[in-house]
Amino acid sequence: MDNKDTTHSHLLSFLNAIPPVEFCCVYGSTLHSTDPGKSTMVDYILGVSDPLQWHSENLKMNADHYASWMVLLGGAKLITNVADKLGVGVHFNPYVTWNNKVNMLVDNLDIETINSVNLRAAVSAALLLLPPKFTEEDLYAKICSLSYMGDVRMLFAEDRNKVKKIVQGQFDLFQSMYKPFLEEYEGKDFLRFSSSKNQLANISQDCGLPVTHSHISFLPPTVRSQMGMKIGKKKVISESGKVGNGNELGFGSREEAAKCMQKALRRTVMVSSARQAVSGVLTVGGVKAARYLTSKMCKAWRSWTRT
């Protein structure tokens, strides 16, 4: 068994300690870190079709995964309600005891297909925010920054160099993930590539309105809906020259579209991160929350004071 199979098996063994799940992936800088000795914490995302039933079973197996007050006052129902109504449908626990590195481990919900849609959306969003000419590293940094745009944690509890570190530490992974979409866009003449001295691609893009409208069409429906509320829906000329049906978003310039999208993204991330932060404090308990926040703030402080 090679090292990759061993790592995969080791990561999967965590699932033996919890009730069955329909989806599981691991992600984060530790998984693909260029500094293996830096951290042993691995981030898991678990997906289940019936959260109430799953938490009921997990309470019997791992009551220490939850804040004691939630267990005593409401059990699985309270845990699920806090995640759904106060948070964003996610139960967060930063300190589940498990010493182990996005690898998809279980996928019975076809999340991989959904993820493909998200990757294309991320490329289009990043391109709208980039200038006519940029480097391959600039593109991946912009894609990565979308997740933190408006995140309340970036104000005081995140390393200010986090995006740069993620991209530089996982550059090969970014290339493999986004290569199909960049080749697709190159085939449509959205992008043009040229090599540079350091073997990283220099990229130029078509910034015309037809291409801009194409990028907008790939954005998530919630983002397009927010953009539509801000500028109203207009008839636009499609790439084929046909007039749209009124459900497309019309902008007078690429800059207007980029600015509108950026505001929509910031608001979406800000609201979600704030709700999840409050939900997280309640679900893990004061002691764990303080420990986690202190750790994040110390890391952020070091990044701001380091010269």
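Helices (H or I, at least four residues) and strands (E, at least two) are DSSP runs, numbered from the N terminus. By this rule, valine 278 lies in helix α11. The model is predicted, so that local features need pLDDT of at least 70 and side-chain atom pairs count only at pLDDT 80 or more, while totals for chains, interfaces and linings use all residues. Residues are numbered from 1 along each chain as its sequence is written, and side-chain values use heavy atoms, without hydrogens and water.

The protein chain contains 12 helices and six strands. Of its 307 residues, 37% are buried (under 20% relative accessible area; exposed is over 50%, partly exposed in between; 1.4 Å probe, protein chains only).

Three strands form an open sheet in the order β4-β6-β5, with antiparallel pairing; two strands pair if DSSP finds at least two bridges between them. β4 and β5 stand at the edges, each with a single partner strand, so one side of each is left without a neighbour in the sheet. β5 and β6 are joined by four bridges, and leucine 191 stands opposite glutamine 205 in β6.

| Strand | Residues |
|---|---|
| β4 | 133–135 |
| β5 | 191–194 |
| β6 | 202–205 |

On the surface, Trp69, Leu72, Leu73, Leu86, Val278 and Leu282 form a nonpolar patch. α3 gives the most to the nonpolar patch, with three residues. Valine 278 is partly exposed, at 43% relative accessible area.

Key
Patches are made of residues with over 30% relative accessible area and no salt bridge: like charges are joined within 9 Å, nonpolar side chains (Val, Leu, Ile, Met, Phe, Trp, Tyr) within 5 Å. Accessible areas come from the Shrake-Rupley method with a 1.4 Å probe; for residues, only the protein chains shown count as cover. A salt bridge is a side-chain nitrogen of Lys or Arg within 4 Å of a carboxyl oxygen of Asp or Glu.
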